[in-house]
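This report describes a single structural model in terms of its helices, its sheet and selected residues. The sequence and coordinates are shown first, and the description follows.

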Amino acid sequence: MSMPPTNGQTLIGDRVRLAEPGAQIDDPLLQTILMDYLAARRSPMPHNVGEHWNVFRGDFDQLIRTPEIWPRFRRMAISYGFDDSLKYSEGRYRPDLKPSMNAHRGPFVQAWQFNDKALREAMRRLIRSASLSAERIQSLSEAKIGDPAAQRFSDCPVPVDYHDLSQIYFASSLERALSGRPAAWVLEIGGGYGALAAKLRRIDAGSRFVLIDLPETLAIQRWYLSFAMPDARLIGYQEYCNLGIQSSLEQADVLLLPPAVIGELPAGIFDAAINIRSFAEMTTNYVGFYISNIERVLKENGTLYCVNNTQKSTAGHQFRIENIPFDDNWRLDNADPVPWQKHIIELVIRRTTESDPEWREALRRFGGSE
């Protein structure tokens with residue numbers, strides 16, 4: 001699949017008018033995305049999503065019908081919550097300027113100005129603190145799809161953007177956590193726009209994925225992964241409903257499914273499960289729902305790679321990492337702060353058949369509890 005054209009500019013100064021409700025779609029990919037989105041919207045939500053992710057407009061289907069938006073989605077409000085690059089503006093860190101997709105909180109599509117100096121400095125710090133080699137960046141970087149705010153550095157062989165660099169680190173860290181073991185099936189809860197899955201697929205071409213996310217996010221993932229994994233078989237929710245669980249697992253390289261469907265996945269089939277920085281943004285009930293299912297679907301000795309804030313309150317309550325409702329059947333492999341964000345813990349735990357309550361005490365220490 002060829003890449004859609006982008007304007008290639010550092011600054012975008014125009015706005016896009018949304019398509020009218022029910023407007024015809026000529027693009028086959030967007031037609032598929034719309035069918036999957038509408039089907040996923042009919043799937044029941046197991047719990048309230050919480051304040052943090054209550055940001056998607058009710059007319060999201062009009063966005064899908066507006067082809068001009070998609071080639072530049074990394075620079076517009078559609079990227080809300082997915083991309084730390086958007087936080088750098090006017091020469092300083094400004095999360096309050098991050099544009100929302102919600103009609104009541106800001107423009108739907110907003111031009112965004114990137115400050116080169118602030119971005120470059122932030123990227124240099126990330127590369128240095130995460131010890132990312134030029135070779136690793138070159139092999140895993142993707143700075144084309146969605147027209148991100150990519151920068152060139154004299155000692156870096158390819159253009160890079162801040163958020164993509166963080167995903168390179170997480171992919172490399174998970175590769176080390178698996179210690180060379182193949183990860184035939186990977187479950188990711190809250191996969192952003194799909195960057196991590198795409199990188200893991202580059203590292204291990206045999207990896208296959210189930211991504212569980214909100215209907216709006218699944219739409220964005222389908223668009224991104226269609227270009228990032230052009231040879232992969234992507235199955236969205238509409239096709240999943242037609243095929244059923246067994247045929248979908250047999251045929252898919254990537255399954256894109258809404259939250260309730262995680263309960264339909266067979267027990268003990270996943271080699272690894274991932275959550276990066278979204279458990280801390282969910283309601284307590286939602287986190288419990290996901291953890292109980294992860295514990296059910298992971299294989300014995302399967303790995304959970306969980307990267308989350310030690311504390312956060314954007315979901316409408318106070319999240320603490322030591323309060324994640326794990327059972328005792330885990331073994332701690334590693335827990336360290338993310339190199340460039342010390343308030344975020346990188347937790348690697350292994351599923352076991354025997355209780356090991358000591359690992360929970362270790363989690364409390366890493367969470368800062370006495």
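Helix H1 (residues 28–42) comprises 15 residues and extends 22 Å from its first C-alpha to its last, close to the expected 21 Å at 1.5 Å a residue; the expected span is 1.5 Å times one less than the number of residues. Helices (H or I, at least four residues) and strands (E, at least two) are DSSP runs, numbered from the N terminus. The model is a predicted one, in which local features need pLDDT of at least 70 and side-chain atom pairs count only at pLDDT 80 or more, while totals for chains, interfaces and linings use all residues. Residues are numbered from 1 along each chain as its sequence is written, and side-chain values use heavy atoms, with hydrogens and water left out.

At the start of H1, a side-chain oxygen of Asp 27 comes to within 2.8 Å of the backbone nitrogen of Leu 29. The buried residues of H1 include Leu 29, Leu 30, Ile 33 and Leu 34, together with Asp 36 and Tyr 37. Buried denotes under 20% relative accessible area, exposed over 50%, and partly exposed in between (1.4 Å probe, protein chains only). Among the elements that cover these buried residues are helix H2 (60–64), helix H7 (215–228) and helix H8 (237–243); contact means heavy atoms within 4.5 Å.

The largest nonpolar core contains 120 residues, and those with the most contacts inside it are Leu 187, Val 210, Phe 279 and Phe 326. Helix H5 (residues 162–177) contributes the largest share of this core, 8 residues. Such a core is a set of buried Ala, Val, Leu, Ile, Met, Phe, Trp, Tyr and Cys residues joined through side-chain atoms within 4.5 Å. Leaving aside neighbours within four places in sequence, Leu 187 touches residues including Val 210, Ile 212, Ile 262, Phe 270 and Val 297.

An open sheet of 8 strands is arranged in the order E5-E6-E4-E3-E7-E8-E12-E11, with mixed pairing. Strand E5 (234–235) and strand E11 (330–338) stand at the edges with a single partner strand each, so one side of each lacks a neighbour in the sheet. Two strands pair if DSSP finds at least two bridges between them. Strand E8 (residues 298–309) and strand E12 (residues 341–351) pair in the antiparallel sense over 7 bridges, and Cys 306 stands opposite Leu 347 in E12.

Helix H6 (residues 195–203) packs on the sheet, where H6 touches strand E3 (185–189), strand E4 (208–212) and E7, and the direction of H6 makes about 170° with that of E4. H5 lies across strand E7 (270–276), E8, E11 and E12, at about 150° to E8. Axes are lines fitted to C-alpha atoms, for helices over the stretch in contact, and angles run from 0 to 180 degrees between N-to-C directions. Ser 173 is in H5 and, leaving aside neighbours within four places in sequence, is in contact with Tyr 305 and Glu 346.

| Residue | Relative accessibility | Class |
|---|---|---|
| Asp 155 | 64% | exposed |
| Arg 277 | 18% | buried |
| Asn 301 | 32% | partly exposed |
| Ser 173 | 9% | buried |

Most residues other than glycine have a negative phi. Arg 277, in the loop between E7 and helix H10 (284–297), has a positive phi of about 65°. Asn 301, in strand E8, likewise has a positive phi, near 75°. Asp 155 belongs to the loop between helix H4 (134–140) and H5; the C-alpha atoms of Asp 155 and Ala 134, 21 residues apart along the chain, are separated by 7.5 Å.

Notes: A polar contact is a pair of N or O atoms within 3.5 Å; within protein, one must be able to donate a hydrogen and the other to accept it, and residues adjacent in sequence count only if both atoms are side-chain atoms.
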